[in-house]
Number of protein chains: 2
Amino acid sequence: MGEQVKRIARELMYEGAILKVYKDTMKFENGNEEKWDYIYHHGAAAVVPVLDDGRILMVTQYRETVERETLEIPAGKLDSAGEEGLLCATRELEEETGYKSDDIEWLLTMRTTLGFCNEKIEIYVAKNLKLSKQHLDENEYVDIKPYTISE
Amino acid sequence: MGEQVKRIARELMYEGAILKVYKDTMKFENGNEEKWDYIYHHGAAAVVPVLDDGRILMVTQYRETVERETLEIPAGKLDSAGEEGLLCATRELEEETGYKSDDIEWLLTMRTTLGFCNEKIEIYVAKNLKLSKQHLDENEYVDIKPYTISE
């Protein structure tokens, strides 16, 4: 199938705050060419923080992409392309929730935007949570609350 | 929280084949400003096609974003921003797999790139599949194969 679809050019069209936007020129077995969008993103990690009583710490924050607050598990971008997902998840857990964990296990890897973006999200589960100190980024506004699974 | 984080400008920076790329200027309660990336995408739909024997039809296709073939459930972009996810899933099912279904039910909605993109993916389950005719887009190369859950 590598012979049926081939990239013959990649051009950087725009560099955003966290993204690079490219225009790819693709050539097909039938001789046709098409322009495809390609977005480069460092990658991200997320973590499901499970309290000793089974409740899960969730984050409420404002997301401009949907123009409303969302309820999510703690997550964040990798600091650099090479950063280990586990390191990022450990950091985001403490920064956003104020809890530390010495028991973080990999759960799954998601690639949900394969059509146009390389973003990979590594998801972990954190147990044995110990209260530490929340230290949000300067322009970060999030609310933390534990939820039971049924909630 | 709407008062803590506010968009004060949005500028179209690049228009790709299927995406529009914007630069948002965000203002925070603390007086700071930041540039955020915002990618507009019509949205997409995906479908889990379940054969009568319980196997699931999966699609192998080349994804330039990861530079390899991937195994996925059939999915595709909405034809336009207003298209119903169900309509799109029904169309993609027949186009990609060659099967029709009169029993398609909504399973869940995913928004996995909320940090920078509005893409919403509606996911459906299709049962009672009837063989029809695969009709791929001109430049679309995919392989279809049924898999058991354990595979």
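Predicted model: local features only at pLDDT ≥ 70, side-chain atom pairs only at ≥ 80, totals over all residues.
**Aromatic pairs**

I then picked one, A:Tyr141 with B:Phe28. The ring centres lie 6.3 Å apart, and the planes make an angle of 20°. Planes under 30 degrees apart count as stacked, so I noted this pair as stacked. Next I asked where the two residues sit. A:Tyr141 belongs to the loop between strand 9 (121–131) and strand 10 (142–147) of chain A.

**Salt bridges**

I counted salt bridges over all chains and reached 19. One of them joins the side chains of A:Asp24 and A:Arg10, with 2.7 Å from N to O. I looked up their places in chain A. A:Asp24 is in strand 2 (residues 20–28), and A:Arg10 is in strand 1 (residues 5–15). They are 14 residues apart, and the pair links distant parts of the chain.

How many salt bridges span the interface of chain B and chain A? I found six. I looked at the one between A:Glu64 and B:Arg7. Its closest N and O atoms are 2.5 Å apart.

I also counted polar contacts between chain B and chain A, keeping residues at pLDDT 80 or more. The count is 25 residue pairs.

**Who supplies the contact**

Which elements of chain B give two or more residues to the side that touches chain A? I listed strand 1 (5–15), strand 2 (20–28), strand 3 (33–40), strand 5 (56–63), strand 6 (68–72) and strand 10 (142–147). Strand 3 of chain B gives the largest share, six residues. I sorted the residues on this side of chain B by type: 22 are nonpolar, 15 are polar and 18 are charged.

**Size of the interface**

I wanted a size for the interface. The accessible area lost when the parts come together is often used for this. Here chain B and chain A bury about 4,500 Å² between them. Carbon and sulfur atoms carry 61% of that area. The contact takes 55 residues from chain A and 55 residues from chain B.

**Symmetry**

Last, I laid chain B on chain A. A turn of 180° with a shift of 0.0 Å along the axis does it, with an RMSD of 0.0 Å. That is how a two-fold axis relates the copies. I checked the contact residues of chain B as well, and 100% of them recur in chain A. The same surface serves both copies.

How values were computed:
Residues numbered from 1 in each chain as written. Chains lettered and ligands numbered in written order. Heavy atoms only, no water. Contact = heavy atoms within 4.5 Å. Buried area = accessible area lost by both parts, 1.4 Å probe. Salt bridge = Lys/Arg side-chain N within 4 Å of Asp/Glu carboxyl O. Polar contact = N/O pair within 3.5 Å; in protein donor to acceptor, adjacent residues only side chain to side chain. Helix = DSSP H or I, 4+ residues; strand = E, 2+ residues; numbered from the N terminus. Nonpolar A, V, L, I, M, F, W, Y, C, P; charged D, E, K, R; others polar. Least-squares fit on C-alpha atoms with pLDDT ≥ 70 in both. Phe/Tyr/Trp six-rings, centres within 6.5 Å; stacked < 30°, edge-to-face > 60°.
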